[in-house]
Number of protein chains: 4
Amino acid sequence: VTELDDLTTRMREFTQARDWVRFHDLKSLTLALTGEVGEVAELVQWLPVGVVPDGELWQRLGDELADVLLYLVRLADVAGVDLGQAALAKLARNEERFPAGTYRSVAPERR
Amino acid sequence: VTELDDLTTRMREFTQARDWVRFHDLKSLTLALTGEVGEVAELVQWLPVGVVPDGELWQRLGDELADVLLYLVRLADVAGVDLGQAALAKLARNEERFPAGTYRSVAPERR
Amino acid sequence: VTELDDLTTRMREFTQARDWVRFHDLKSLTLALTGEVGEVAELVQWLPVGVVPDGELWQRLGDELADVLLYLVRLADVAGVDLGQAALAKLARNEERFPAGTYRSVAPERR
Amino acid sequence: VTELDDLTTRMREFTQARDWVRFHDLKSLTLALTGEVGEVAELVQWLPVGVVPDGELWQRLGDELADVLLYLVRLADVAGVDLGQAALAKLARNEERFPAGTYRSVAPERR
């Protein structure tokens, strides 16, 4: 099991050891996050809908999703946000906001 | 502490309970991830560099980062990727690829 | 017909008249562009593939695509890039790089 | 001068000549747009604020901005949106919505 707190600490140490803290402001990290999400998009853009790639493409997809998580964890740390707590709180709110009965099979236009 | 596996399971159950699995293909979820990263970008775009917002803006930033994580966890689940393991593996590779001595204070053009 | 040069000039004047030039550095404008692309993504994310929305959703899609163009034009202006010339040059290169015969019906993995 | 209508027509012909129309649904094109914006983000993410790159990096920035425009034009065409008209209309609305006097030097939190 991987704990977000552990990833957060390791990314912080990785950054400090290279003196990269100076580059890691909110705007630069959000751009880095955008770049990684863009790489995920490039991997899936021409796939037929419903297809999950395999082989080398699947490997690259895992790598890019990992990059998204690493920058996200770093961004939350710089922002002073407890990412795990924020996610649990948001999930709890979503469970209230979209009751399973009412929203069954209905895609909300914007969640 | 928040475990990624736990978030993954809860998001999967949330999706199944609403019969939303049908909407959660890789392409749609990557678009949803893009949308949430876009919301983070909108919150920080006009901030002076180095500023971390407080008050309501900080709260909203935490909410949007949470949304990014929730869709990311869901996307990895649909892709069959163990997100925590992928992140740890990528971090280990980055530690080798960017030795602290060589890269001290030097922003790699593209990581 | 709408000329890119005309949009560029009008966006520049719009920005100067509000003294917003100070906010329009490359990084902030790229974040703004990310935000607008995120809004487009939110509008199409749950659509069935191949569907073009109508009514109010179509109107909003047009608005968001317009926002993407306006920030793109502004970003190119700040970067000192002639966007129209760059696009024509890139299109000419793509026509050489992807000969119609060879690439017929084949989605390049990454263009 | 480059006209958007001309770019639109040329991209449509480029796509038809390769029988790529089948790949160009709204969702796939929005993902492609996301990928290109991600490439722009990667080029500017570690730049000091206010710096415009030169040399090879500037050249690549122009190329990526061109890619964003080409996909944007294609996306608007598939959506049946007149991109130039939509941009002019949006700009006119913004001029009304943000009077130069009131908004002088004030970054709107979200435009």
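How many residue pairs are in polar contact between chain A and chain B? I looked this up and recorded 22 residue pairs, both residues at pLDDT 80 or more. A polar contact is a pair of N or O atoms within 3.5 Å; within protein, one must be able to donate a hydrogen and the other to accept it, and residues adjacent in sequence count only if both atoms are side-chain atoms.

I then noted which helices of chain A take part: α1 (4-17), α2 (26-44), α3 (55-79) and α4 (83-97) each supply at least two residues of the side that touches chain B. Helices are DSSP runs of H or I of at least four residues, numbered from the N terminus. The largest share of that side, 16 residues, comes from α3(A).

Basis of the entries. This is a predicted model, in which local features need pLDDT of at least 70, side-chain atom pairs count only at pLDDT 80 or more, and totals for chains, interfaces and linings use all residues. Residues are numbered from 1 along each chain as its sequence is written, chains are lettered from A in the order in which they are written, and side-chain values use heavy atoms, with hydrogens and water left out.

Extent of the interface. I recorded 78 residues from chain A and 78 residues from chain B in the contact, contact meaning heavy atoms within 4.5 Å. The copies meet through the same surface, because 100% of the interface residues of chain A are also interface residues in chain B.

Salt bridges. The rule finds 6 across the interface of chain A and chain B, each a side-chain nitrogen of Lys or Arg within 4 Å of a carboxyl oxygen of Asp or Glu. I examined D63(B), which forms one with R93(A), the closest N and O atoms being 3.1 Å apart.

A residue in chain D. I found D67(D) in helix α3 (residues 55-79) of chain D.
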